[in-house]
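Please read these notes with the structure open beside you. They go from the whole chain to single residues.

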Amino acid sequence: MADALITSISMIGRLQKFPDCFVKAMKKYFLILPLILILTSCQSGEGVDSGLPTSKEAQAKITPDEAWRMMQTGNENFAAGKLKINNTPECIKAASYGQYPFAVVLSCLDSRVPVEDVFQQDIGDIFVARVAGNISNADIVASLEYACKVSGAKLIVVMGHNDCGAVNYAIKGVELGNITGLLAKIQPSVDEAKKDFKGDCTYKNFEFTNKVSKCNVKRTVGKILATSPILKEMLNKGEIKIVSAFYDLNTGRVVEIQ
């Protein structure tokens with residue numbers, strides 16, 4: 001479109017005998033017009049649902065509860081097959097000028113859990129931290145602090161899922177290289193789930209593995225708050241919300257763990 005406008009300007013300039021400096025100035029204007037429009041829309045409070053990255057103004061207006069509702073709505077659309085693809089070249093370019101995500105998700109490494117797709121969020125809308133078993137450590141906590149305290153995210157979602165390989169390995173007591181240390185962080189959840197579980201406490205029992213996964217999410221949330229005075233203070237002040245969540249590989253749905 002810009003090329004067509006520039007060609008038209010050149011033709012009009014020749015026909016109307018406008019000065020060359022005027023024609024050149026108009027050409028430059030139309031060359032940068034798309035970029036001007038992108039930047040203007042990003043800085044005018046648009047984003048989240050506009051197909052552009054979340055803007056600073058939009059992020060500031062979102063409350064923690066609204067952030068969770070937005071994530072829930074996105075997941076409902078994902079599970080229902082109402083998919084959107086907004087990561088256009090314009091969106092990618094706009095995101096390069098800054099980021100103001102409204103949420104951060106701590107998820108498992110599992111390739112079957114595409115976090116941005118699961119919540120139907122676009123580039124620049126959410127932070128995602130991933131580690132096998134969605135466990136917590138100093139680096140993960142620091143990343144969550146950065147997302148919320150520094151970058152302004154209003155929501156933390158810690159999300160586990162069914163048929164989690166890390167959970168299954170922890171139940172089986174696998175020892176293998178550095179994986180051993182990671183599974184040790186999940187083992188307390190295995191022990192907790194066994195306490196009042198009636199049935200087969202093995203990785204072959206999906207009901208049991210699901211319970212371990214949910215216990216693990218809750219323990220991760222507890223550890224985050226126990227090791228981060230910054231996030232605990234933000235939570236107590238109502239500046240952020242922390243949600244324990246569970247993703248079902250079979251349905252694509254995310255539910256809050258109570």
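1. Overall make-up. The model is predicted. The protein has 258 residues, and 41% of them count as buried. Its secondary structure consists of 11 helices and 5 strands.

2. Surface and contacts. The accessible surface of the protein is about 14,000 Å², and carbon and sulfur atoms make up 56% of that area. Among contacts in the protein with a separation of 6 or more, 69% join residues 24 or more positions apart.

3. The sheet. An open sheet of 5 strands runs in the order β2-β1-β3-β4-β5, and its pairing is mixed. Its edges are β2 (126-130) and β5 (254-256); each has a single partner strand, so one side of each has no neighbour in the sheet. On average, neighbouring strands of this sheet are turned by 25° against each other, with direction ignored.

4. One strand pair. Strands of a sheet pair through backbone hydrogen bonds, in either a parallel or an antiparallel way. Here, strand β1 (residues 103-107) and strand β3 (residues 155-161) are paired in the parallel sense, over 5 bridges.

5. Salt bridge between K84 and D122. The whole structure contains 7 salt bridges. In one of them, K84 pairs with D122, and the closest N and O atoms are 3.7 Å apart. The two residues belong to distant parts of the chain: K84 is in the loop between α4 (64-79) and α5 (89-95), while D122 is in the loop between α6 (115-118) and β2, 38 residues apart. Are the two partners buried or exposed? K84 counts as partly exposed because its relative accessibility is 30%. D122 has a relative accessibility of 5%, so D122 counts as buried.

6. Salt bridge between D163 and R112. These two side chains meet in a salt bridge at 3.1 Å, N to O. D163 sits in the loop between β3 and α8 (165-172), and R112 in the loop between β1 and α6, so the pair ties together parts 51 residues apart in sequence. D163 is partly exposed, with a relative accessible area of 32%. R112 is at 40% relative accessibility and therefore counts as partly exposed. The pair also belongs to a network of salt bridges that links D110, R112 and D163.

7. Salt bridge between D196 and K211. The side chains of D196 and K211 meet at 2.5 Å, N to O. D196 lies in the loop between α9 and α10 (206-227), whereas K211 lies in helix α10; the pair links distant parts of the chain, 15 residues apart. D196 counts as exposed because its relative accessibility is 55%. K211 has a relative accessible area of 24%, so K211 is partly exposed.

8. A nonpolar patch. Which residues make the nonpolar surface patch of about 270 Å²? The patch is made by Y169, L176 and I179. I179 belongs to helix α9 (residues 179-195). At 38% relative accessibility, I179 counts as partly exposed. Partly exposed covers the range between the limit for buried, under 20%, and the limit for exposed, over 50%.

Terms used: Residues numbered from 1 in each chain as written. Predicted model: local features only at pLDDT ≥ 70, side-chain atom pairs only at ≥ 80, totals over all residues. Heavy atoms only, no water. Patch = residues over 30% accessible without salt bridge, like charges linked within 9 Å, V, L, I, M, F, W, Y side chains within 5 Å. Areas by Shrake-Rupley, 256 points an atom, 1.4 Å probe, with all protein chains shown as cover. Salt bridge = Lys/Arg side-chain N within 4 Å of Asp/Glu carboxyl O. Helix = DSSP H or I, 4+ residues; strand = E, 2+ residues; numbered from the N terminus. Buried < 20%, exposed > 50% of the residue type's maximum accessible area, 1.4 Å probe, protein only. Pairing = 2+ DSSP bridges. Axes fitted to C-alpha atoms, helices over the stretch in contact; angles between N-to-C directions. Contact = heavy atoms within 4.5 Å.
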